[in-house]
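Please look at the sequence and the structure shown below, and then follow the report on a few of the helices.

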Amino acid sequence: MITLEEISQIISKYNLDRLSISTIGSHSALNIFKGAKEEGFRTVCICKKSDMIVYKKFPLADELILVDSFKEILDDDVQERLRRLNAIIVPHGSFTAYLSTEKIMEHFYVPMFGNRKLLQWEVNREKQVDWLRKAGLRIPKIIKSPEEISSLTIAKLPGAKGGKGYFLASSPEAFHKKAEDMVRRGLISNEDVEKIHLQEFVLGVNIYSHYFSSIINDDVEFWGVDKRYESTVDAIGRMPANEQLEIDLIPTYTIVGNIPLTIRESLLPEILQMGDKLQKTAKELAPPGIIGPFCLETVITDNLEIYTFEVSARIVAGTNVGIGTSPYAYLKYGEKMWMGKRIAREIRQAIKNNKLKEIVC
Ligand code: AMP
Ligand code: AMP
């Protein structure tokens, strides 16, 4: 694994007056670039040729590194170019979706904003559960094998797949039938079925809470919440029940977009404490804990119990709903603050306080 010492050496050779903020062109890249520019940084987008239109129509990247596949970010010439541009990489959901965490940890010699060690916790569901438990958060019951399914259960594929290919089952028979059906429809593969993770399905509404863990200020800030717009689950209510039965509908959770929300104020004490507890545990598991943005993915039931089913230790695309400003960012920072800009500001403050090496890995 790449050591902090190696990253420190790379940073030592950087021209801090010409630092650039870089990420791969997808997910929350526009959010990140706009924030970086407002804080006075240059921006570099590693962009698939097929997606160039986005960064032409929204010209927020000073430099485009064109690739055929995001995997090329690991190529020596791309890494060299990034280092020459004094780039700090801000990782987001497309990193975990399209790149191997092992390869990033072992072969990517470009400083990243965040804690590289925690990327491992994000992609490994067992590690996540362990982290959430240690932090004392309420989590859905884990079902060890399909044969143990006795109530409504959600079946999840490994990795951050945006809910693609998830399905529900309430008995072992239903699980096997649906899994076969999903394979037949090409929604999942036979290998996926082996790796499926089973959780109690908690009935309630989904809330995605966004936080920012500032190492410079030693504080966990609350940034707001979003809900997701998922296909097909959000379409089901638009269809009469008898039609649903007729086509033997399997709801899926493919993310299409995000919807901004504010949260009942009496829920805030618990939501704020959850962020603090997660960071406290992260500090113990992988010091200095989470660096920068993170998200707790929760279901809130009708008796206001909050169940956390996942954590993302990096910027989530749900923060795109706050580009420009959002109610909670406004409460703390006044106008014109959002997650991409908060990241850039942390980097700016770290440079000023001579602490850049403490927030990159
Ligand atoms: P993409 O580059 O759009 O394929 O996104 C990479 C991964 O990030 C996807 O597999 C999704 O899991 C997740 N993702 C992308 N966009 C969003 C979004 N707007 N809200 C939540 N998750 C997202
Ligand atoms: P994820 O990819 O983990 O973000 O999950 C995708 C979607 O599945 C979420 O947005 C929820 O709608 C749903 N979901 C995940 N886990 C649970 C759970 N334990 N109970 C109820 N719904 C869940």
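On one side of helix α12 in this predicted model, Lys280 and Glu284 are exposed (over 50% relative accessible area, with a 1.4 Å probe and protein chains only; buried means under 20%, and partly exposed lies in between). The buried residues of α12 include Leu268, Ile271, Met274 and Leu278.

Residues are numbered from 1 along each chain as its sequence is written, chains are lettered from A and ligands numbered from 1 in the order in which they are written, and side-chain values use heavy atoms, with hydrogens and water left out.

The helices discussed here are DSSP runs (H or I, at least four residues), numbered from the N terminus, and strands are runs of E with at least two residues.

| Helix | Residues |
|---|---|
| α2 | 29–38 |
| α12 | 268–285 |
| α14 | 339–352 |

Turning to α2, its buried residues are Ala29, Asn31, Ile32, Phe33, Gly35 and Ala36, and what covers them includes β1, β2, α3 and α14. Asn31, Ile32, Gly35, Ala36 and Glu38 in α2 are in contact (heavy atoms within 4.5 Å) with Met339, Gly340, Lys341 and Ala344 in α14. After α2 comes glycine 40, whose phi is positive, near 85 degrees.

Technical notes: Predicted model: local features only at pLDDT ≥ 70, side-chain atom pairs only at ≥ 80, totals over all residues. Expected span 1.5 Å × (residues − 1). Axes fitted to C-alpha atoms, helices over the stretch in contact; angles between N-to-C directions.
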